[in-house]
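I opened this entry to record a few things looked up in one model. The notes follow the order in which I looked.

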Amino acid sequence: MKGQNKIALYRTCYESPIGRLCLEEDGEALTALYKVDREAVLPSSTAGERFHSELLRRTCMELDEYFAGKRIAFDIPLHLHGTVFQMKVWNALREIPYGETRSYSDIARQIGQPKACRAVGGANNKNPILLLVPCHRVVGKGGALTGFACGLDIKEYLLKMEAENFSRKSADEIVCEAPFEYIPKRDGGYTLEDYYALPDDQRVELIDGVFYDMAAPAVSHQIASFHIGRQLADFIDTQNGVCLPLISPVDVQLDCDDRTMVQPDVLVVCDRSKVINRCIYGAPDLVIEVLSESTARKDQTIKPAKYRGAGVREYWMIDLRKEKVILYDFEHGIDPIIFGMDKPVSVRIFDGKCKIRFDELREEVRPLLASR
């Protein structure tokens, strides 16, 4: 396991029953505790000293007591830095009592994301402070020993040691410690790791590190997406084209980075190499968004520039209430063109040969919109 803190003012090694451990602190709290090879040479703040700070001395003393079976809770302050999801998981780990275990699904339910068992395992593996944040107490289904960065033999040793020591202690000897504070990220700091850690039933878009909630689409919204997607698919089929039309939900990793993932209502991708199993990797050729109360502001103000900058060739916004189509032809200008739905609208990426009709769509959604 590698240290994950960016700044270590003090560092020392500790020889333990499970091997050599490296401890690091930033002048205020412990930031890392991880296993290293005995041959590893670590930089030293003060040559010749075993303990480089009072905090590290205290930590090593508490580790002595832990491995001797005399300590079941640590009193060392911690500074942990991770994603929102990682912080939730690590916080939950510190609540697992000494001598007990929890499954990945237990932790997922505890943090309110019952479908994120696999992501819990990923966060568990990236725990930067061994033992004090007891990731070794998380086991697989049925108590199976799985996934420990230091090796399953060490995990088995720790769990057996704790179980045996716990059986010899009375309940009033247990010292509880307060979990560290959960610190959410500021807007602009979220990544795809946070995105994939969300529950499957929570719909959001990630744009430049900011989450935008997406309410479940109304029936009229879905009808519009279906009508438009079907017409695009029919045209491409008649032309024996290679372009791929898709309708939401489908992830689009627009900028090919880890800070943006969008879910357009309708899209067309003509470069099939952008189609991977998990998402569309890169900018589609055509993007169509059906405006709704929850997404209209984002679709009208943020996305035009975002799509243009990413290389989207054409962007449509469908306003069902006003019966308008706002079209951006980015290949030929940056100003929008507005059309009514009384006549077909030509698709520019297909040189105007494909025309989307709205007459049938209008008849279907008008009664739905009037009833609201």
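**Entry 1: Gln253.** I listed the contacts of Gln253, leaving aside neighbours within four places in sequence: Leu192, Thr260, Met261, Arg278, Cys279, Ile280, Tyr281 and Gly282. The model is predicted, so I kept to the rule that local features need pLDDT of at least 70. Gln253 belongs to strand β9, residues 252–253. Is Gln253 buried or exposed? Its relative accessible area is 5%, and the cut-off for buried is under 20%, so I noted Gln253 as buried.

**Entry 2: the largest pocket.** Next I looked for open space. Rolling a probe the size of a water molecule over the atoms shows where empty space is left. The largest pocket holds about 890 Å³. I counted 43 lining residues, and those closest to the pocket centre are Arg203, Met214, Ala215, Pro217 and His221. Which elements give two or more residues to this lining? I found α6 (192–197), β6 (204–207), α7 (219–238), β12 (286–290) and α8 (296–310). By class, the lining has 18 nonpolar, 11 polar and 14 charged residues.

Entry 3: The pairing of β6 with strand β7 (residues 210–213) is antiparallel and runs over 4 bridges. Within it, Leu206 has Phe211 of β7 as its bridge partner. The two strands make a hairpin with 2 residues between them. In the turn, Asp208 has a positive phi, about 50°.

**Entry 4: the sheet β1-β2-β3.** I then turned to an open sheet of 3 strands, ordered β1-β2-β3 and paired antiparallel. Which strands are at the edges? They are β1 (10–16) and β3 (30–35), each pairing on one side only. On average, neighbouring strands in this sheet are turned by 20° against each other, direction ignored. Helix α1 (residues 54–67) packs on the sheet and touches β1, β2 and β3. I read the angle between the directions of α1 and β1 as about 15°. Strand β2 (residues 19–25) is joined to β3 by 5 bridges, in the antiparallel sense. I also noted that Glu24 stands opposite Ala32 in β3.

Note on methods. Residues numbered from 1 in each chain as written. Predicted model: local features only at pLDDT ≥ 70, side-chain atom pairs only at ≥ 80, totals over all residues. Heavy atoms only, no water. Buried < 20%, exposed > 50% of the residue type's maximum accessible area, 1.4 Å probe, protein only. Contact = heavy atoms within 4.5 Å. 1 Å grid on protein atoms, 1.4 Å probe; cavity = no way out; pocket = protein on both sides within 12 Å on 5 of 7 lines; lining within 4 Å. Points joined across faces, edges and corners; volume = space filled by probe spheres on them. Nonpolar A, V, L, I, M, F, W, Y, C, P; charged D, E, K, R; others polar. Pairing = 2+ DSSP bridges. Axes fitted to C-alpha atoms, helices over the stretch in contact; angles between N-to-C directions.
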